[in-house]
Amino acid sequence: DLEAELSFNIIQKATTLYDEKKYNEAIALYNSMENPTEDVYLGLGACYQALEDYDKAINYYNKAMQIDSTNPNTYYFLGLAYYYKKDFKSAESYLKKAMNLDNLNPEIKEAIDTLKYAQSEDEMNRAVKLFDKNQYNEALALLNSSLNHYNKNGYAYYYRGMTYEVLNKYNNAVSDYKNAIKYEPDLLTAYYSMAICYENLNNIPEAKNMYKKFIEIYKNQDEYLEYAKKRLSELK
């Protein structure tokens with residue numbers, strides 16, 4: 001009983017130091033314990049994670065998991081550590097395990113949602129680089145995956161619309177440009193792009209509507225605005 005009380009007091013002090021952001025002092029206190037418990041390993045992992053030493057954090061979380069493999073918090077912390085390392089695949093695996101063990105925990109659900117958005121952004125950015133290299137089919141595959149991870153990513157819809165447009169799939173492009181505006185209302189050039197797609201589809205009334213809409217709301221005096229005005233005056 002005395003040993004248990006002593007351990008409890010040390011963990012409480014270390015937790016206080018952690019809350020005060022005195023991470024190295026907390027680590028020293030945790031390491032003073034001769035028989036580390038699951039809570040000690042979790043505390044050490046949290047300290048190293050706060051110090052952005054994610055490899056050491058993962059090491060201690062794994063030691064905690066060896067003691068109790070049914071604790072959802074351990075998988076949650078592991079998922080976060082891998083997320084910060086940008087190892088999204090491992091992060092997803094551990095966060096799913098955490099959710100399976102505790103599907104009512106709002107923090108786990110929020111972490112999974114954050115991860116999905118990060119995965120979507122990462123794949124979208126890689127797709128843009130492929131697009132710039134004229135690797136359109138490869139870019140399209142990544143953009144599809146991006147939107148599978150997070151289907152409210154307005155910019156991913158926009159870039160996929162651009163890719164469809166280059167591939168002459170104008171109906172698909174128009175649909176994606178509409179979704180781009182739905183989720184990112186400030187993506188005004190989507191109206192301009194839709195107008196061009198409608199022209200290529202020989203849908204002149206809709207092309208004119210999109211050019212008009214673009215001219216009404218677009219504030220930059222640049223080549224996009226000039227071209228939109230020019231085409232609107234030319235279309236019959």
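## Packing of helices α3 and α5

Helices α3 and α5 are roughly parallel to each other (an angle under 35 degrees), because their axes cross at roughly 20°. The axes of α3 (residues 38–50) and α5 (residues 72–84) come within 11 Å, and the crossing is left-handed (the near helix is turned anticlockwise from the far one by less than a right angle). The contact (heavy atoms within 4.5 Å) is made by Glu38, Leu42 and Gln49 of α3 and by Thr74, Phe77, Leu80, Ala81 and Tyr84 of α5.

## Basis of the model

This is a predicted model, in which local features need pLDDT of at least 70 and side-chain atom pairs count only at pLDDT 80 or more, while totals for chains, interfaces and linings use all residues. Residues are numbered from 1 along each chain as its sequence is written, and side-chain values use heavy atoms, with hydrogens and water left out.

## Leu42

Leu42, in helix α3, counts as buried at 12% relative accessibility (buried is under 20% relative accessible area and exposed over 50%, with a 1.4 Å probe and protein chains only). Leaving aside neighbours within four places in sequence, Leu42 is in contact with Tyr61, Ala64, Asn71, Thr74 and Phe77.

## Helix α8

The buried residues of α8 are Ala139, Leu140, Leu142, Leu143, Ser146 and Leu147. They cover an arc of only 165° around the axis, which puts them on the same side of α8; the arc is that of the directions from the helix axis to the C-beta atoms.

Among the elements covering these buried residues are α7 (106–132) and α9 (154–166). The face of α8 turned away from its buried side carries the exposed residues Asn137 and Asn148.

How values were computed: Helices (H or I, at least four residues) and strands (E, at least two) are DSSP runs, numbered from the N terminus. Axes are lines fitted to C-alpha atoms, for helices over the stretch in contact, and angles run from 0 to 180 degrees between N-to-C directions. Angles under 35 degrees count as roughly parallel, over 145 as roughly antiparallel, 65 to 115 as roughly perpendicular and the rest as oblique.
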